[in-house]
Amino acid sequence: MICSKAQITAVGAYVPEKRLTNEDLERMVDTNNEWIIKRTGIKERRIADEQEFTSDICVKAVENLIKKYDKSVHDVDMIIVCTMTPDFKTPSVAALVQAKLGIPHTGAIDLNAACAGFTYGLHVANGLITSGLNKKILVIGAETMSKITDFNDRTTCILFGDGGGAVLVEYSEQKSGFLSSHLGSKGELGKNLYCTNLSDRINGESLTGLGNIVQNGREVYKWAVNTVPKGMLSVLEKTDISLQEIDWFIPHSANLRIIESICERSEFPIEKTLKSLVEYGNTSAATIPLALDKGLTEGKVKQGDKILLYGFGGGLSHAGLLLEWTV
Ligand code: UT7
């Protein structure tokens, strides 16, 4: 069990208004509602306006957090934005968020671990607070995946959506909620999920689909269902808590079949998972905070609950985290 001094004290979320349903996609590419539901579980996704970017989504998610928990973010001393769809290469999304929220004295960094971003961000925030370097950190998982999606590619455009979730992580002597974590990366498999930037070569191989997300879904699928169940056990091994004692499992919402397979392999009841994919699709770094926010709003997550989060995706990277809910 890690000796943590950090606690999540507030959660907020935001998704854009515009909906993209499976029926809409039927009119755009050679696909159908039945295939999408059967293969992914996704019914619809939200799409940002042309002039709405990841920093705008972050700000709305934080405003939602402030409203729901009556919190101030004026004294935040670090902002970590987990995203693979920043507004710019520089300035960082975190710096834009600092300016838009008018936070006077804070560090600001972006963290890119794709769909594992949010759990990586929480791990880093816990480290910074527990070490005494920071006292109050905003961790935001937000994406505008629609801006890097090729809406002519039926293998990817049915999956991704836009949205964001934010949490406040604060110093707490008594009420630490961070129990354990486990991180991993397999860059050798990076070519199975990429979005090109300055280079169109990866590990010596040339790539296609410049500027858009490209995925070898089957390979990522296989890697995820093999890696995540082992990773979940690695998170728990560092504690005296068993999988049977977990109240809620929040895996990255990539595909309902992946979640079913992970639960089956881990012998974990699927009813105890929280997901955001049916209504929002795969929002990359935002799926886990959106699902957490939904679980709280629906009154499912309660004080004292043990929650296992597991992010996985581009990199290929993964990160799991065990929390005790203390709010
Ligand atoms: O978030 C980051 C991590 N990402 C993931 O975890 C995603 C992992 N992968 C997946 O979720 C799944 O692999 C997909 C949902 C992307 C694809 O599902 P699949 O069951 O692996 O399908 P597939 O790629 O094996 O394709 C099966 C068939 C193919 O046709 P043939 O070759 O069997 O004739 C595809 O061409 O389905 C076809 N297909 C489609 N048909 C209708 C592929 N996309 C579509 C589509 N509509 N949108």
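In which strand does L193 lie? The residue belongs to strand 9, which covers residues 193-195. Here helices (H or I, at least four residues) and strands (E, at least two) are DSSP runs, numbered from the N terminus. The model is predicted, so local features need pLDDT of at least 70 and side-chain atom pairs count only at pLDDT 80 or more, while totals for chains, interfaces and linings use all residues. Residues are numbered from 1 along each chain as its sequence is written, and side-chain values use heavy atoms, with hydrogens and water left out.

L193 has a relative accessibility of 11% and therefore counts as buried. Buried means under 20% relative accessible area, exposed over 50%, and partly exposed in between, with a 1.4 Å probe and protein chains only. Leaving aside residues up to four places away in sequence, L193 touches I213, V214, Q215, V220, G313, G314 and L316. Contact means heavy atoms within 4.5 Å. One of these residues, G313, is 120 residues apart from L193 along the chain, yet their C-alpha atoms are separated by 7.7 Å.

We turn now to the sheets. Strands of a sheet pair through backbone hydrogen bonds, either parallel or antiparallel. In this account, two strands pair if DSSP finds at least two bridges between them. An open sheet of 5 strands, with mixed pairing, has the order 1-7-6-4-5. Strand 1 (6-14) and strand 5 stand at its edges with a single partner strand each, so one side of each is left without a neighbour in the sheet. Neighbouring strands of this sheet are turned by 20° against each other on average, direction ignored. For such angles, axes are lines fitted to C-alpha atoms, for helices over the stretch in contact, and angles run from 0 to 180 degrees between N-to-C directions.

Strand 4 (residues 78-82) runs parallel to strand 5 (residues 107-111), and 5 bridges join the two; I79 has A108 as its bridge partner in strand 5. Strand 4 also pairs with strand 6 (residues 136-144) in the parallel sense over 5 bridges, where the partner of C82 is G141.

In a regular strand the side chains alternate between the two faces of the sheet. In strand 4, M78, I80 and C82 on one side and I79 and V81 on the other are all buried.

Helices lie against these strands. Helix 4 lies across strand 4, strand 5 and strand 6, running at about 125° to strand 4. Helix 5 (residues 117-130) packs on the sheet, touching strand 1, strand 4, strand 5, strand 6 and strand 7 (162-171), and its direction makes about 170° with that of strand 6.

Helix 4 (residues 93-101) also meets helix 3 (residues 54-69): their axes come within 9 Å and cross at roughly 50°. That makes helix 3 oblique to helix 4, because angles under 35 degrees count as roughly parallel, over 145 as roughly antiparallel, 65 to 115 as roughly perpendicular and the rest as oblique. In helix 3, T54, S55, D56, C58, V59 and V62 meet V93, L96, V97, K100 and L101 in helix 4.

Elsewhere, an open sheet of 4 strands has the order 8-15-14-13, again with mixed pairing. Strand 8 and strand 15 (residues 317-324) pair in the antiparallel sense over 7 bridges, and L322 in strand 15 is the bridge partner of S180.
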